[in-house]
Amino acid sequence: MEGEEGTQQPQLVLANKLFLLTHPDVDDIEKVRLRDEVFNSINSNDMAPLYETLVSDKVLNLDQKALDSMRAKINEELTKLDEKIADAEENLGESEVREAHLAKSLFFIRIGDKEKALEQLKLTESKTVAVGQKMDLVFYTLQIGFFHMDFDLISKSIDKAKNLFEEGGDWERKNRLKVYEGLYCMSTRNFKTAADLFLDSISTFTTYEIFPYDTFIFYTVLTSIISLDRVSLKQKVVDAPEILTVIGKIPYLSEFLNSLYECQYKSFFSAFAGLTEHIKLDRYLHPHFRYYMREVRTVVYSQFLEAYKSVTIEAMAKAFGVTVDFIDLELSRFIAAGKLHCKIDKVAGVLETNRPDAKNALYQATIKQGDFLLNRIQKLSRVIDL
């Protein structure tokens with residue numbers, strides 16, 4: 001269950017296949033193959049509770065014979081596990097009792113019974129003394145949370161893990177938790193925190209049970225591009241040896257990162273187009289697909305405009321390898337949304353930048369806070385006079 005090096009937890013592999021099976025952009029031939037793989041995985045792990053849910057949701061067709069066989073195997077295995085627990089409680093020590101309860105917890109996780117797995121994990125925790133072992137139970141709970149995309153459960157489990165670390169805990173588990181928390185932040189659109197947590201974990205990554213290292217680098221680069229300034233991006237991502245050893249294996253990612261940093265905007269848009277499908281078909285990034293697309297374009301347009309006081313729309317369109325009408329429409333949307341600090345002179349066909357002045361912004365903020373303070377003092381003085 002904990003996942004050996006390079007081995008993703010089978011339940012999370014299954015969760016990704018289920019996501020693709022219900023994705024509208026996956027073609028029918030691919031879905032036929034996925035449906036067979038999902039059914040075989042469910043059947044081999046006796047995942048009757050999950051199978052019944054998928055049948056009721058019309059994701060899979062009912063095979064009554066297979067379902068009856070799964071239920072019979074589950075009942076048989078539960079009888080053995082209960083006997084093992086009873087034997088441990090009568091004849092063995094506390095550690096053996098805990099191990100017997102843990103085995104039952106892992107069995108419920110394996111068959112995809114969320115409620116019983118969480119209940120059994122709580123029972124196992126009550127038999128657990130060591131902080132490290134309690135942390136392992138939290139990791140199992142987090143894996144259940146990511147399988148079901150239960151963000152409330154994930155958030156509570158992360159908080160619980162942090163509290164446990166205050167009691168003590170090793171660095172290996174602490175670093176693993178950073179990856180889990182980073183994945184949670186990315187899945188809830190907190191890309192800045194996700195990037196920081198992923199970058200902190202690059203050299204110590206051991207969390208193979210939730211995704212392979214290649215996927216981890218993919219997420220790290222994507223979150224960093226929209227979160228870090230140009231200098232930090234160069235230091236922490238572009239020149240990072242851990243990223244350089246892997247980035248070439250992921251289609252379009254190296255070109256996406258390096259063309260942005262080197263201001264090769266035509267190449268950037270080409271790589272960007274190639275990556276969109278990968279992002280769209282990612283289980284964790286899919287809900288934020290449109291948002292991420294907008295944020296990346298904001299970053300690249302801002303970077304281009306930063307070098308100019310004014311530039312013709314035609315020159316910008318040529319730099320990006322797109323039409324003047326496309327750039328005009330794109331920029332007008334971002335300007336209206338307050339994402340870009342420039343204005344379009346349609347008659348002259350020129351873009352004029354009006355970057356906000358940091359000193360002026362600080363001055364305005366001070367004036368605003370000063371007015372607020374004076375109003376509070378006046379209200380207070382009226383109360384005191386009474």
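How far apart should the ends of helix 9 (residues 171-187) lie at 1.5 Å a residue, and how far apart are its end C-alpha atoms? Here are some notes to read beside the model, which is a predicted one.

1. **Helix 9.** The 17 residues of helix 9 should span 24 Å at 1.5 Å a residue, and the end C-alpha atoms are 24 Å apart, so expectation and model agree. This helix is mostly covered, with 13 of its 17 residues buried. Just after helix 9 comes Arg189, with a positive phi of about 70°.

2. **Arg173.** You will find this arginine in helix 9. Is Arg173 buried or exposed? Its relative accessible area is 19%, and buried means under 20%, so Arg173 counts as buried. Leaving aside residues up to four places away in sequence, Arg173 touches Gly132, Met135, Asp136, Phe139 and Phe165.

3. **Helix 4.** The same check on length works for helix 4 (residues 64-91): its 28 residues should span 40 Å at 1.5 Å a residue, and its end C-alpha atoms are 40 Å apart, which agrees. The buried residues in helix 4 are Ala66, Leu67, Met70, Ile74, Leu78, Leu81, Ile85 and Ala88. What covers them includes helix 2 (28-44), helix 3 (48-56) and helix 5.

4. **The nonpolar core.** The largest nonpolar core has 116 residues, and Ile42, Phe256, Tyr292 and Tyr301 have the most contacts inside it. Helix 7 (residues 131-148) gives the most to this core, contributing ten residues.

5. **The cavity.** How many cavities of 30 Å³ or more does the structure hold? There is one, and the largest cavity has a volume of about 90 Å³. Helix 5 (94-110), helix 6 (114-126) and helix 7 are the elements that each give two or more residues to its lining. Helix 7 supplies the largest share, four residues. Among the lining residues of this cavity are Gln9, Gln11, Phe108, Asp113, Lys114, Gln143 and His148. By class, the lining divides into five nonpolar, five polar and two charged residues.

6. **The largest pocket.** About 370 Å³ of space lies in the largest pocket. Of the 20 residues that line this pocket, Asn16, Thr215, Tyr219, His278 and Asp282 lie nearest its centre. The elements giving two or more residues to the lining are helix 1 (10-21), helix 11 (213-225) and helix 15 (265-280). The lining has eleven nonpolar, four polar and five charged residues.

7. Met149 sits in the loop between helix 7 and helix 8 (151-167). Its phi is near 50°, a positive value in a residue other than glycine. Met149 is partly exposed, with a relative accessible area of 24%. Cys263 lies in the loop between helix 14 (253-261) and helix 15. Phi of Cys263 is near 60°, again a positive value in a residue other than glycine. With 34% relative accessibility, Cys263 counts as partly exposed.

Key: Residues are numbered from 1 along each chain as its sequence is written. This is a predicted model: local features need pLDDT of at least 70, side-chain atom pairs count only at pLDDT 80 or more; totals for chains, interfaces and linings use all residues. Side-chain values use heavy atoms; hydrogens and water are left out. A nonpolar core is a set of buried Ala, Val, Leu, Ile, Met, Phe, Trp, Tyr and Cys residues joined through side-chain atoms within 4.5 Å. Buried means under 20% relative accessible area, exposed over 50%, partly exposed in between (1.4 Å probe, protein chains only). On a 1 Å grid over the protein atoms alone, a cavity is a set of points where a 1.4 Å probe fits but cannot get out, and a pocket is an open set with protein on both sides within 12 Å along at least five of seven lines; lining residues have an atom within 4 Å of a point. Grid points are joined across faces, edges and corners, and a volume is the space filled by probe spheres set on the points. Ala, Val, Leu, Ile, Met, Phe, Trp, Tyr, Cys and Pro count as nonpolar, Asp, Glu, Lys and Arg as charged, and the others, Gly among them, as polar. The expected span of a helix is 1.5 Å times one less than its number of residues. Contact means heavy atoms within 4.5 Å.
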